[in-house]
Amino acid sequence: IGDFPVQYELEGVPVFEDEYSLAQIVAVDSLIFITTDRRETLFHVYNKHGEKKSAFGRIGRGPNEFVRTFAIEDVIQGDSATRAFMLDEIKRELVVINMTTSVESNSLNVEERIPLPEKLAGAMDFLSVTQQKFIGVYDDHFHKKHDKRRGGFYYHQETDSIEFFDLLNVE
């Protein structure tokens with residue numbers, strides 16, 4: 001057995017101590033978006049100095065509520081607003097949230113709910129290429145659609161068409 005590498009002890013500062021049940025942390029420009037599993041508020045927004053700016057969104061069954069916490073799939077900064085895309089696997093839709101107006105009003109502002117075709121029920125990840133075109137990863141292994149399809153896809157919302165393609169690292 002050879003020499004072992006030098007050990008280092010990491011030092012850190014606790015952050016977001018008031019938050020619990022963290023599901024995801026996403027940094028966008030000067031803001032930090034945290035999704036949680038808390039029923040009363042799903043999204044917590046901080047500035048880059050760790051100061052809380054806003055909290056919004058709820059778990060529930062009402063309008064603009066989510067049945068459970070979903071991860072933010074992608075965030076796009078436009079000229080007038082920052083938009084977050086969340087994949088609601090239960091309702092099989094991509095939810096577009098205007099984060100700019102949601103932060104300003106402390107209230108969830110869902111701009112659009114994009115229904116997804118049945119063939120994308122095994123979708124795992126979505127990224128926005130344009131406002132109407134998305135790319136993602138599909139894997140039957142997890143969702144048991146029994147179509148044996150694995151790899152990536154392009155989804156064109158305007159034409160409701162899907163192009164599947166192989167990914168070299170998915171077998």
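Trainee: What is the volume of the largest cavity?

Mentor: Bear in mind that this is a predicted model, in which local features need pLDDT of at least 70, side-chain atom pairs count only at pLDDT 80 or more, and totals for chains, interfaces and linings use all residues. Residues are numbered from 1 along each chain as its sequence is written, and side-chain values use heavy atoms, leaving out hydrogens and water. A cavity is a set of points, on a 1 Å grid over the protein atoms alone, where a 1.4 Å probe fits but cannot get out; grid points are joined across faces, edges and corners, and the volume is the space filled by probe spheres set on the points. The structure has one cavity of 30 Å³ or more, and the largest cavity has a volume of about 50 Å³.

Trainee: How many charged residues does the lining of the largest cavity have?

Mentor: The lining (residues with an atom within 4 Å of a point) consists of L87, D88, E89, R92, L116, L120, A121 and A123. Sort these by class: Ala, Val, Leu, Ile, Met, Phe, Trp, Tyr, Cys and Pro are nonpolar, Asp, Glu, Lys and Arg charged, and the others, Gly among them, polar. That gives five nonpolar residues, no polar ones, and a charged count of three.

Trainee: Is Y138 buried or exposed?

Mentor: The scale is relative accessible area: buried is under 20%, exposed is over 50%, and partly exposed lies in between (1.4 Å probe, protein chains only). Y138 is at 1% relative accessibility, so Y138 counts as buried.

Trainee: How many residues apart are Y138 and F164?

Mentor: Y138 belongs to strand β10 and F164 to strand β12 (residues 161-165). The pair links distant parts of the chain, and the separation in residues is 26.

Trainee: Which cluster do ring pairs build?

Mentor: Y138 and F164 both belong to it. Ring pairs link these members into the cluster: F85, F126, F134, Y138, F153 and F164.

Trainee: What is the relative accessible area of F164, and what angle lies between the planes of Y154 and F165?

Mentor: F164 counts as partly exposed because its relative accessible area is 28%. Y154 and F165 form a tilted aromatic pair, with 5.3 Å from centre to centre and an angle between the planes of 45 degrees.

Trainee: How far apart in sequence are the parts that Y154 and F165 tie together?

Mentor: Y154 sits in strand β11 (residues 150-156) and F165 in strand β12. The pair therefore ties together parts whose separation in sequence is eleven residues.

Trainee: On to charges: which residue forms a salt bridge with R83?

Mentor: The structure holds five salt bridges (a side-chain nitrogen of Lys or Arg within 4 Å of a carboxyl oxygen of Asp or Glu). In one of them R83 has its closest N and O atoms 2.6 Å from those of its partner, E111.

Trainee: Where do R83 and E111 lie?

Mentor: This pair links distant parts of the chain, 28 residues apart. R83 is in strand β6 (residues 82-88), and E111 is in strand β8 (residues 110-115).

Trainee: Which residue meets E93 in a salt bridge?

Mentor: E93 is buried, at 10% relative accessibility. The N to O distance in this salt bridge is 2.6 Å, and the partner is R113.

Trainee: What distance separates the closest N and O atoms of E65 and R58?

Mentor: E65 is buried at 18% relative accessibility, whereas R58 is partly exposed at 43%. The two form a salt bridge, and their closest N and O atoms are separated by 3.4 Å.

Methods. Helix = DSSP H or I, 4+ residues; strand = E, 2+ residues; numbered from the N terminus. 1 Å grid on protein atoms, 1.4 Å probe; cavity = no way out; pocket = protein on both sides within 12 Å on 5 of 7 lines; lining within 4 Å. Phe/Tyr/Trp six-rings, centres within 6.5 Å; stacked < 30°, edge-to-face > 60°.
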